Amino acid sequence: MAQQTTVLFEHRHTHDQAFLRSFYWHSLTLSPSYMLLWAGLFAVGMVLAVQSIREGAKGTGLLCGVAALVCLLRGFLAGWIRLQREYKTMAKEYGKDGWESVMRFGENIEMLDDDRTTAEVEWSDCRKLEDQGSWLRLEFRDGLGALFLRKADFSKGTAAEFCAWLAQEHPEITQSVKR
């Protein structure tokens, strides 16, 4: 991989359980309708379970209770379990429970985990920058994913300066940034 010559902005965080929780809660807040749907299905299932058991239909009540738990698992816990599994795989690879993740922005984007370069992304692979409150989301083209940046974790420059610089230097990247 080519070495980046000039680093204009840098984003650092410790990738640990606290960061994972922060990211997961942030991702849940992005789709309140998703949360309402699964919480509503869970609540309806539990109400039907209790009502069925009170009416003497224990089998139906048990079935409704299981369906409610499936809604809870699918709606909230499945994402957390997936994140935990990915985290544990990386923790095993690094041999520790937390590691430093660094994103350097300049002529390109260089990503480092535990002082190892893990990826390098060209600006032409970026599609959109979205302001999500206390986070920024830099979306890549062609379904390559996204980079989530907590605004408070910029160690060189600020999130606002980064957004302004990106708008000036890369106007082809769509921005939905609160100013």
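Residues are numbered from 1 along each chain as its sequence is written, and side-chain values use heavy atoms, with hydrogens and water left out. Because the model is predicted, local features need pLDDT of at least 70 and side-chain atom pairs count only at pLDDT 80 or more, while totals for chains, interfaces and linings use all residues.

Reader: Which side chain of opposite charge is nearest to Asp-113, and how far away is it?
Author: Asp-113 is found in strand β3, residues 109-113, where strands (E, at least two residues) and helices (H or I, at least four) are DSSP runs numbered from the N terminus. Asp-113 is buried, a term for under 20% relative accessible area, with exposed meaning over 50% and partly exposed in between (1.4 Å probe, protein chains only). Lys and Arg count as positive and Asp and Glu as negative, with His and the chain ends not counted, and a salt bridge requires a side-chain nitrogen of Lys or Arg within 4 Å of a carboxyl oxygen of Asp or Glu. Asp-113 has no salt bridge, and the nearest side chain of opposite charge is Arg-116, 8.6 Å away.

Reader: Which side chain is joined to that of Asp-113 by a polar contact of 2.4 Å?
Author: Not counting residues up to four places away in sequence, Asp-113 touches Tyr-94, Trp-99, Glu-100, Ser-101 and Thr-118, contact being heavy atoms within 4.5 Å. A polar contact is a pair of N or O atoms within 3.5 Å; within protein, one must be able to donate a hydrogen and the other to accept it, and residues adjacent in sequence count only if both atoms are side-chain atoms. The side chain joined to Asp-113 by the polar contact of 2.4 Å is that of Ser-101.

Reader: What is the phi of Asp-115, and where is this residue found?
Author: Asp-114 has its place in the loop between β3 and β4 and counts as partly exposed at 21% relative accessibility, with a positive phi of about 55° although it is not a glycine. Asp-115 is exposed, with a relative accessible area of 70%. Asp-115 is found in the loop between β3 and β4, and, although not a glycine, has a positive phi of about 65°.

Reader: Which residue joins Glu-10 in a polar contact of 2.8 Å?
Author: Glu-10 lies in strand β1 and counts as buried at 12% relative accessibility. Leaving aside neighbours within four places in sequence, Glu-10 is in contact with several residues, including Val-102, Arg-104, Asp-153 and Lys-156. The side chain that joins Glu-10 in the polar contact of 2.8 Å is that of Arg-12.

Reader: How many residues apart are Glu-139 and Arg-127, which form a salt bridge?
Author: The structure holds 14 salt bridges. In one of them, Glu-139 pairs with Arg-127, the closest N and O atoms being 2.5 Å apart. Glu-139 is buried at a relative accessible area of 14%, whereas Arg-127 is partly exposed at 37%. The pair links distant parts of the chain, with Glu-139 in strand β6 and Arg-127 in strand β5 (residues 126-131), and the separation is 12 residues.

Reader: Why does the salt bridge between Asp-131 and Lys-151 tie together separate parts of the sequence, and how many residues apart are they?
Author: The side chains of Asp-131 and Lys-151 meet at 2.9 Å, N to O. Asp-131 is buried, with a relative accessible area of 10%, and Lys-151 is partly exposed, with 26%. Because Asp-131 lies in strand β5 and Lys-151 in the loop between β7 and β8 (154-156), the pair ties together parts whose separation in sequence is 20 residues.

Reader: Which element gives the largest share of the lining of the largest pocket?
Author: A pocket is an open set of points on a 1 Å grid over the protein atoms alone, where a 1.4 Å probe fits, with protein on both sides within 12 Å along at least five of seven lines, and lining residues have an atom within 4 Å of a point. About 930 Å³ of space lies in the largest pocket, the volume being the space filled by probe spheres set on points joined across faces, edges and corners. Of its 34 lining residues, those closest to the centre are His-15, Phe-23, Leu-83, Glu-86 and Phe-148. The largest share of the lining, eight residues, comes from α3.
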